[in-house]
Amino acid sequence: MWDFQTDPEFQEKLDWVETFVREECEPLDLLFPHLGQPYNTENKAARAILEPLQERVKEQGLWACHLGPELGGQGYGQLKLALLNEILGRSMWAPTVFGTAAPDTGNAEILAMFGTDEQKASYLQPLLDGDIVSTFSMTEPQAGADPKEFICSARKDGDEWVISGEKWFSSNARYASFLIVMAVTDPEASPYRRMSMFVVPAETPGVEIIRNVAVMGDREELDEGTHAYIRYNDVRVPADAILGGPGQGFEVAQARLGGGRVHHAMRTVGKCQRAFDMMAERALSRTTQGEALAKKQLVQQFIADSAIELEQFRLLVLMTAWIIDTQPHGAARTHIAMCKVAMAKIYHDIVHRAIQVHGSLGVTVELPLHDMWSGCLSLGLADGPTEVHKVAVARGVLKNYEPAPTLFPTEHIPTRLAAAKAKHADVLGEYGIA
Ligand SMILES: Cc1cc2nc3c(=O)[nH]c(=O)nc-3n(C[C@H](O)[C@H](O)[C@H](O)COP(=O)(O)OP(=O)(O)OC[C@H]3O[C@@H](n4cnc5c(N)ncnc54)[C@H](O)[C@@H]3O)c2cc1C
C-alpha cells in the first residue's frame with residue numbers, strides 16, 4: 001500500500017512542534033544569529049532561554065528523536081524523523097532545542113556503537129542530555145573529499161596513541177568538550193583500512209586551534225568563525241580511545257555520515273519551504289505595472305518550478321527515510337546520495353528565485369534569505385561535495401544494469417520488430433502482412 005498520510009496522533013505532535021518552533025525557536029535565531037551560537041555552552045543569556053525550552057521538548061517526549069529507546073529516544077524511525085526535521089529545518093536553533101543538532105547526533109551514534117562504558121558515561125550521556133557539544137575532525141587542509149589523501153597520523157607508544165597532524169573545518173571545536181578524530185594508523189594498508197577513529201578530550205595537551213574559520217554568512221571576524229583549523233601536536237590518548245579498532249576508521253565514519261546526510265536533507269525540505277513561502281507572499285504583495293508580481297508569467301514560472309521541485313525533493317527524502325526504516329542496512333545508500341545532491345541544488349534554486357522576487361530587499365541582510373544563500377553553498381560541500389555523491393548515485397543505479405548482450409542495444413527497433421514478426425508469423429501470414 002502507498003500511503004501519503006501522517007497518523008493523526010503524530011500529526012498532533014507535529015502541529016505542536018510547528019507552533020513551538022515559530023514562537024519559541026525562531027526568536028533565538030533573531031537574538032543570537034551567529035552560526036556557532038547554538039553550540040556555545042558559555043553564552044549564559046542564550047542558555048537561560050534555551051534550557052527551559054529544552055525541558056518543554058522533553059516533557060512532550062520529543063527530545064533527541066533520532067535515538068532508539070535504548071538511548072532515551074522514542075525510536076520513531078526515519079520517516080517520522082523526516083516529518084519532524086522538516087519543521088525544525090526552518091530555524092537554526094531548533095535542532096539544538098530538540099537535541100538533534102549535527103555533528104553531535106552522529107558523534108553520539110558513534111559513541112553508542114563503539115565507545116567504552118567509561119566514554120559513554122563521560123561523553124555520551126552529557127551529549128545526549130544537551131550539556132556539552134562535540135566535534136568531528138576528519139577533513140584536512142590538503143584533502144577533504146578523498147580520505148585516501150589524509151596524512152594526520154596516530155602511532156602506538158606503549159599504552160597510548162600519539163596523534164600528530166592537522167585538521168581543517170572541524171566545526172564547533174572551540175565549544176567542544178571532545179573531538180572525534182580520524183587518523184592514519186597504518187599507511188601501508190589498503191586505502192579503506194589505513195585509518196582509525198579516536199575520541200580526544202578537548203583539554204588534552206597538544207590540541208591547538210590555529211584559527212576558527214568563518215564562512216560566508218557567519219557575520220563574524222575572520223578568525224571568529226566556528227570551523228576550526230586544528231593542529232594535533234603529539235596528542236597522547238589512552239589505548240582505549242580508539243573507536244571500533246585499528247583500521248576501522250572508514251567504517252565508523254560511514255556509519256555516522258549516512259544518518260547525518262539524510263537528516264540534513266530532511267531539514268533542508270523545511271528551509272526550502274520557508275524560502276518558498278517568502279517568495280509566494282512577496283509575489284502576491286508587490287505590484288508593478290498595475291498588477292501583482294504573481295500575475296507575471298515569469299514569476300509564475302518561478303513559483304511553479306519551485307513548487308514542483310520542492311514536492312519532488314520532499315517525496316524523495318520521505319521515500320529514502322521509508323527505505324531506511326523498512327529495508328536492510330545499506331539499502332538506502334543510493335537514495336541518501338540522491339538526497340544529498342538534490343538538496344544542494346533545489347535549495348540553491350528556490351532561494352535564488354526568492355531573492356530575485358524580493359528585488360533589492362532580497363539582497364539585504366534584512367531578510368533570512370542572505371543566510372540561506374550562503375548556507376546553500378555549504379550544503380554542496382559539507383559531508384562531501386555534490387560531484388562525489390553524483391558518482392555514488394551513478395554507481396548505485398548502474399549496479400541494476402547489464403551491458404547489451406548483442407552488438408545493438410536491447411531497444412533496437414529493427415531487431416525487436418524482427419522478433420515481433422517471428423512471434424506472430426502465423427497471424428501476420430494469414431492477413432498477408434509481410
Ligand atoms: C559548513 C561546513 C561544515 C563542515 N564541517 C566539517 C566537520 O565538522 N568536520 C570535518 O571533518 N569536515 C567538515 N567539513 C568539510 C567537508 O567535509 C569538506 O569540505 C568536503 O569533504 C570537501 O572537501 P574539501 O573542502 O577539501 O574539498 P576538495 O576535496 O578539495 O574538493 C574540491 C572540489 O573538487 C571537486 N571534486 C572533489 N572530488 C571530486 C570527484 N571525485 N569528482 C569530481 N569532482 C570532485 C568538487 O567540485 C569539490 O567541491 C565542513 C564543510 C563545510 C562547508
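Reader: Is Gln 289 buried or exposed?
Author: In this predicted model, Gln 289 counts as exposed, because it has 7 C-beta neighbours inside 10 Å, and a residue with 12 or fewer such neighbours falls in that class.

Reader: Where does Gln 289 lie, and what is its phi?
Author: Gln 289 lies in the loop between strand E9 (287–288) and strand E10 (291–292). Its phi is near 50 degrees, which is a positive value in a residue other than glycine. As background, most residues other than glycine have a negative phi.

Reader: And Asn 172, what is its phi, and is that residue buried or exposed?
Author: Phi of Asn 172 is near 65 degrees, again a positive value in a residue that is not glycine. Asn 172 is found in the loop between E3 and strand E4 (178–184). Asn 172 is buried, because 24 other C-beta atoms lie within 10 Å and the threshold for that class is 20 or more.

Reader: Which peptide bond is cis?
Author: The bond from Ala 102 to Pro 103 is cis, with omega near 0 degrees, and Pro 103 itself is found in the loop between helix H4 (94–97) and H5.

Reader: How many residues of helix H5 are buried?
Author: Nine of the 11 residues of helix H5 (residues 104–114) are buried, so this helix is largely enclosed by the rest of the structure. Among the buried residues of H5 are Asp 104, Asn 107, Glu 109, Leu 111 and Phe 114.

Reader: Switching to the ligand, which residues come nearest?
Author: There are 21 residues around the ligand, and those that come nearest are Met 138, Gly 144, Ala 145, Ser 171 and Pro 385. The elements that give two or more residues to this shell are strand E1 (134–137), strand E3 (160–171) and helix H12 (386–398). By residue class, the shell divides into 11 nonpolar, eight polar and two charged.

Reader: Which other domains does the assignment give?
Author: Besides those two, the domain assignment gives domain 1 (8–101) and domain 4 (406–434). Separately, an unreviewed UniProt entry places the feature "domain: Acyl-CoA dehydrogenase/oxidase N-terminal" at residues 14–131. Over residues 14–131 the chain is 62% helix and 0% strand, with the end C-alpha atoms 25 Å apart.

Reader: What about helix H12, is Ala 394 buried or exposed?
Author: Ala 394, which lies in helix H12, counts as exposed, with 12 C-beta neighbours inside 10 Å. The C-alpha atoms of Ala 394 and Ala 331 are separated by 15 Å, and these residues are 63 apart along the chain.

Reader: Last topic, the core: which residues have the most contacts inside the largest one?
Author: The largest nonpolar core has 105 residues, and those with the most contacts inside it are Ile 163, Phe 198, Val 200, Ala 275 and Val 351. Helix H9 (residues 333–357) gives the most to this core, with 14 residues. Leaving aside its neighbours within four places in sequence, Val 351 is in contact with Ala 275, Leu 369, Met 372, Trp 373 and Cys 376.

Reader: And what share of the protein is buried?
Author: Buried residues make up 41% of the 434 residues, in a protein whose secondary structure comes to 14 helices and 10 strands.

Notes: Residues numbered from 1 in each chain as written. Predicted model: local features only at pLDDT ≥ 70, side-chain atom pairs only at ≥ 80, totals over all residues. Near = placed C-beta within 6 Å. Helix = DSSP H or I, 4+ residues; strand = E, 2+ residues; numbered from the N terminus. Nonpolar A, V, L, I, M, F, W, Y, C, P; charged D, E, K, R; others polar. Domains from an automatic or database assignment. Core = buried A, V, L, I, M, F, W, Y, C linked by C-beta atoms within 7 Å. Contact = placed C-beta atoms within 7 Å. UniProt positions renumbered as here; feature names shortened; annotations may be inferred.
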